[in-house]
Amino acid sequence: MRLAHLAAVTVCALSLVACGANQATPSAPPASGGATTAAPAGGIKVGVILPETATSARWEGFDKPMIEAAMTAQGLDADVQNAQGDVQKFSTLADGMISQGVKVLVIAAINSEVGSSVAAKAKARGIPTIDYDRLNLGGSSDYYVSFDNVKVGELQGKGLADALKGKPGAQVIEIEGAPTDNNATLFHNGQENVLKPLYDAGTLKLVQSQAIDGWDNQKGGVTFEQILTANGGKVDGVVAANDGLAGAVITVLRKNGLNGKVPVTGQDATPDGLMAVLRGDQYMTVFKPIKEEAEAAAKLAAALAKGDTAAADSIANASSDDTKANRKVKSVLLEPKLTTKDSVKDVVDQGYVKASDICGGDLAAVCSQLGIS
């Protein structure tokens with residue numbers, strides 16, 4: 001999940017293909033073929049399907065263990081699986097969990113189509129479904145647990161605007177998330193709330209905004225380099241939708257001698273992202289306390305497993321718009337936090353990342369100066 005020392009950083013700088021921009025060291029992936037493992041005996045069975053591991057370290061590094069712990073604390077037996085970016089595997093995992101008789105299904109879908117399909121199958125069997133982290137547009141899930149994703153984008157926009165203060169006409173490139181992910185749309189909407197008035201006023205100049213299919217870090221790096229080249233090698237700031245894309249952008253900036261000179265945004269407060277922030281290559285990331293998200297999903301699942309919709313409704317006291325199905329979805333929307341170099345310590349102090357994960361090699365002195373230990 002992290003680069004352990006400076007040599008590893010050098011290797012990743014040389015090869016997006018070899019390292020990616022946001023790798024994890026997750027627990028072993030589920031066996032091929034899509035079969036689920038049996039949930040531990042003794043509690044109410046709940047199925048949880050996560051989307052992938054290739055583009056973000058969070059799913060296996062943070063979400064999986066935190067969901068397992070939160071579900072156990074609620075007296076639930078959670079079978080947590082990862083579809084590894086394979087839509088067919090996602091559907092197969094869901095079929096297996098439904099046939100095993102899970103009482104609730106929690107899904108962080110690869111895209112809205114497969115998520116909606118799975119929710120429809122579960123509903124037909126009387127199994128309530130919770131959309132986790134990503135709202136499946138056009139779906140039928142009963143509840144949604146996530147962060148305020150428009151606010152995430154606003155924090156990214158604010159971070160970049162702050163970093164570019166005093167640079168009138170600064171040129172900005174935006175590298176956005178997957179167009180099939182509703183969260184990516186919400187992030188972009190939030191960014192626009194902050195940045196569009198600045199673009200319109202000429203305070204900042206938008207060079208190009210480009211969505212990246214599948215949140216593919218390598219594709220994001222290639223796309224950014226193409227835009228940068230077409231703009232004569234000029235860029236003053238980069239909106240990168242998450243830490244993985246930010247890492248890909250930084251690799252290109254480093255190749256052009258621009259890393260540390262061009263502020264880059266991010267999201268997820270991954271170890272790689274936090275290291276880039278400490279190093280000065282990335283200006284900010286968005287810290288989303290995933291433990292809170294996992295605990296909210298577990299409390300909601302526990303209420304639904306008991307058939308207590310009144311308790312579930314009291315937990316999901318916000319709502320989100322499913323613009324495709326033209327409906328409101330009962331939601332838990334948690335608060336994200338802007339994280340710059342001076343606030344990395346907060347992420348460590350809350351136990352999401354160990355100091356030893358991010359403070360090795362060239363960052364030891366920086367961590368000492370910031371009191372990160």
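Reply: Before we start, one term is needed: a polar contact is a pair of N or O atoms within 3.5 Å, where, within protein, one atom must be able to donate a hydrogen and the other to accept it, and residues adjacent in sequence count only if both atoms are side-chain atoms. The model is predicted.

Me: With that definition, with which residue does the side chain of glutamine 267 make a polar contact?
Reply: Glutamine 267 sits in the loop between α9 and α10, and it counts as buried, its relative accessibility being 1%. Its contacts, leaving aside residues up to four places away in sequence, include Val152, Phe187, Thr285 and Lys288. The polar contact joins side chain to side chain at 2.7 Å, and the partner is lysine 288.

Me: Which loop holds alanine 269, and what is its phi?
Reply: Most residues other than glycine have a negative phi. Alanine 269 is found in the loop between α9 (243–255) and α10 (271–279), and it is buried, with a relative accessible area of 2%. Its phi is positive, although the residue is not a glycine, and lies near 50 degrees.

Me: What is the phi of tryptophan 215?
Reply: Tryptophan 215 belongs to the loop between β7 (204–211) and α8 (217–230). A relative accessibility of 6% falls under the 20% limit, so tryptophan 215 counts as buried. Here too the residue is other than glycine and the phi is positive, near 55 degrees.

Me: How are the planes of the rings of phenylalanine 187 and tryptophan 215 arranged?
Reply: A search of the whole structure finds two aromatic pairs. In the pair of phenylalanine 187 and tryptophan 215, the ring centres are 6.2 Å apart and the planes stand at 70 degrees; planes over 60 degrees apart count as edge-to-face, so this pair is edge-to-face.

Me: How many residues apart in sequence are the parts that this pair ties together?
Reply: Phenylalanine 187 is buried, as is tryptophan 215. Because phenylalanine 187 lies in helix α7 (residues 182–201) and tryptophan 215 in the loop between β7 and α8, the pair ties together parts whose separation in sequence is 28 residues.

Me: What is the angle between the planes of phenylalanine 287 and tyrosine 352?
Reply: Phenylalanine 287 and tyrosine 352 form an edge-to-face aromatic pair, with 4.9 Å from centre to centre and an angle between the planes of 75 degrees.

Me: Which parts of the chain does the pair of phenylalanine 287 and tyrosine 352 tie together?
Reply: Phenylalanine 287 is buried at a relative accessible area of 4%, and tyrosine 352 counts as buried at 10% relative accessibility. The pair ties together parts that are 65 residues apart in sequence, because phenylalanine 287 lies in strand β9 (residues 285–287) and tyrosine 352 in the loop between α13 (344–349) and α14 (355–358).

Me: What covers the buried residues of α7?
Reply: The buried residues of α7 include Phe187, Gly190, Leu195 and Tyr199. What covers the buried residues of this helix includes β5 (143–147), α6 (149–163), β6 (170–176), β7 and β8 (237–240).

Me: Which residue has a side-chain oxygen that reaches the backbone nitrogen of asparagine 183, and which glycine follows α7?
Reply: At the start of α7, the side-chain oxygen lies within 2.9 Å of that nitrogen and belongs to aspartate 181. At the other end, the helix is followed by a residue with a positive phi near 85 degrees, glycine 202.

Me: What percentage of the residues of the chain count as buried?
Reply: The chain contains 15 helices and 12 strands. Of its 373 residues, the share that counts as buried is 55%.

Definitions and conventions. Residues are numbered from 1 along each chain as its sequence is written. This is a predicted model: local features need pLDDT of at least 70, side-chain atom pairs count only at pLDDT 80 or more; totals for chains, interfaces and linings use all residues. Side-chain values use heavy atoms; hydrogens and water are left out. Helices (H or I, at least four residues) and strands (E, at least two) are DSSP runs, numbered from the N terminus. Buried means under 20% relative accessible area, exposed over 50%, partly exposed in between (1.4 Å probe, protein chains only). Contact means heavy atoms within 4.5 Å. Rings of Phe, Tyr and Trp (its six-membered ring) pair if their centres lie within 6.5 Å; planes under 30 degrees apart count as stacked, over 60 as edge-to-face and the rest as tilted.
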